[in-house]
Amino acid sequence: MPDDEEYPPEGWPRQSQYVYPQPLNQRPQDNSAATMSMVLGIVGLGTCLAFLSPFAWAKGSQALEEIDANPGVYGNRGMAVAGRITGMIGTALLGLGLLAGLVIAGVLLAS
């Protein structure tokens, strides 16, 4: 390229000397509500602490909303789903247990 020619040609934009940093391939962070919902759901199903199951269901739903609102930020959607499902199952079992307890108490009081 001869020295007397202008580069870039007239009318073309000049390239900036600044190099923009490229984002690093970072792993998305964990949502603490998702982790808490999964732990509460497992504890609620695995022990006699079934009253924790509705809290697991609520925290799992909250975590799913946060994860869906910020898709690139959080990465543990599976934990939120697991916490929500175990919370639903535990809440259903808690309801059935309460219903059975009321029926048994009614039968015992009636006799």
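Student: How close do the axes of H1 and helix H3 come, and at what angle do they cross?

Tutor: In this predicted model, the axes of H1 and H3, the latter spanning residues 77-110, come within 7 Å and cross at roughly 30°. Both quantities are given because two packed helices are described by the angle between their axes and the distance between the axes. The crossing of H1 and H3 is left-handed.

Student: What makes the contact between H1 and H3, residue by residue?

Tutor: On the side of H1 the contact is made by Ala34, Thr35, Ser37, Met38, Gly41, Ile42 and Leu45, and on the side of H3 by Met79, Ala80, Ala82, Gly83, Thr86, Gly87, Ile89, Gly90 and Leu93.

Student: Why is Ser53 called buried?

Tutor: Buried requires a relative accessible area under 20%, and Ser53 has a relative accessible area of 0%, so Ser53 is buried. This serine is found in helix H2, and, once its neighbours within four places in sequence are left aside, Ser53 is in contact with Gly44, Thr86, Gly87, Gly90 and Thr91.

Student: How do you know that Thr86 counts as buried?

Tutor: The relative accessibility of Thr86 is 16%, and since buried means under 20%, Thr86 therefore counts as buried. Thr86 is found in helix H3, and its contacts, apart from neighbours within four places in sequence, are Gly41, Ile42, Leu45 and Ser53.

Student: Why is Val43 called partly exposed?

Tutor: Partly exposed covers the range between the buried limit of 20% and the exposed limit of 50%, and Val43, at 29% relative accessibility, therefore counts as partly exposed. Val43 lies in helix H1, where, leaving aside neighbours within four places in sequence, Val43 is in contact with Leu49 and Leu52.

Student: What separates the C-alpha atom of Val43 from those of Ser53 and Thr86?

Tutor: The C-alpha atoms of Val43 and Ser53, ten residues apart along the chain, are separated by 8.2 Å, while those of Val43 and Thr86, 43 residues apart along the chain, are separated by 9.4 Å.

Student: Why is Pro71 called exposed?

Tutor: The word exposed is kept for a relative accessible area over 50%, and the value for Pro71 is 67%, so Pro71 is exposed. Pro71 is found in the loop between H2 and H3, and its C-alpha atom is separated by 9.2 Å from that of Pro28, a residue 43 places away along the chain.

Student: What makes up the largest nonpolar core?

Tutor: Seven residues make up the largest nonpolar core, namely Ala33, Ala34, Ala63, Leu64, Ile67, Tyr74 and Ala80. The elements giving two or more residues to this core are helix H1 (32-46) and helix H2 (53-69), and the largest share, three residues, comes from H2.

Student: Which residues does Tyr74 contact, leaving aside its neighbours within four places in sequence?

Tutor: Tyr74 is in contact with Pro28, Gln29, Asp30, Asn31, Glu66 and Ile67.

Student: What, finally, can be said of the protein as a whole, in its elements and its burial?

Tutor: The protein has three helices and zero strands, so that the elements run α-α-α from the N terminus on, each being a helix under the DSSP assignment. Of its 111 residues, 20% count as buried, and the accessible surface comes to about 8,400 Å², of which 66% belongs to carbon and sulfur atoms. Among contacts between residues at least 6 apart in sequence, 64% join residues at least 24 apart.

Notes: Residues are numbered from 1 along each chain as its sequence is written. This is a predicted model: local features need pLDDT of at least 70, side-chain atom pairs count only at pLDDT 80 or more; totals for chains, interfaces and linings use all residues. Side-chain values use heavy atoms; hydrogens and water are left out. A nonpolar core is a set of buried Ala, Val, Leu, Ile, Met, Phe, Trp, Tyr and Cys residues joined through side-chain atoms within 4.5 Å. Buried means under 20% relative accessible area, exposed over 50%, partly exposed in between (1.4 Å probe, protein chains only). Helices (H or I, at least four residues) and strands (E, at least two) are DSSP runs, numbered from the N terminus. Contact means heavy atoms within 4.5 Å. Axes are lines fitted to C-alpha atoms, for helices over the stretch in contact, and angles run from 0 to 180 degrees between N-to-C directions. A crossing is left-handed if the near helix is turned anticlockwise from the far one by less than a right angle, and right-handed if clockwise. Accessible areas come from the Shrake-Rupley method with a 1.4 Å probe; for residues, only the protein chains shown count as cover.
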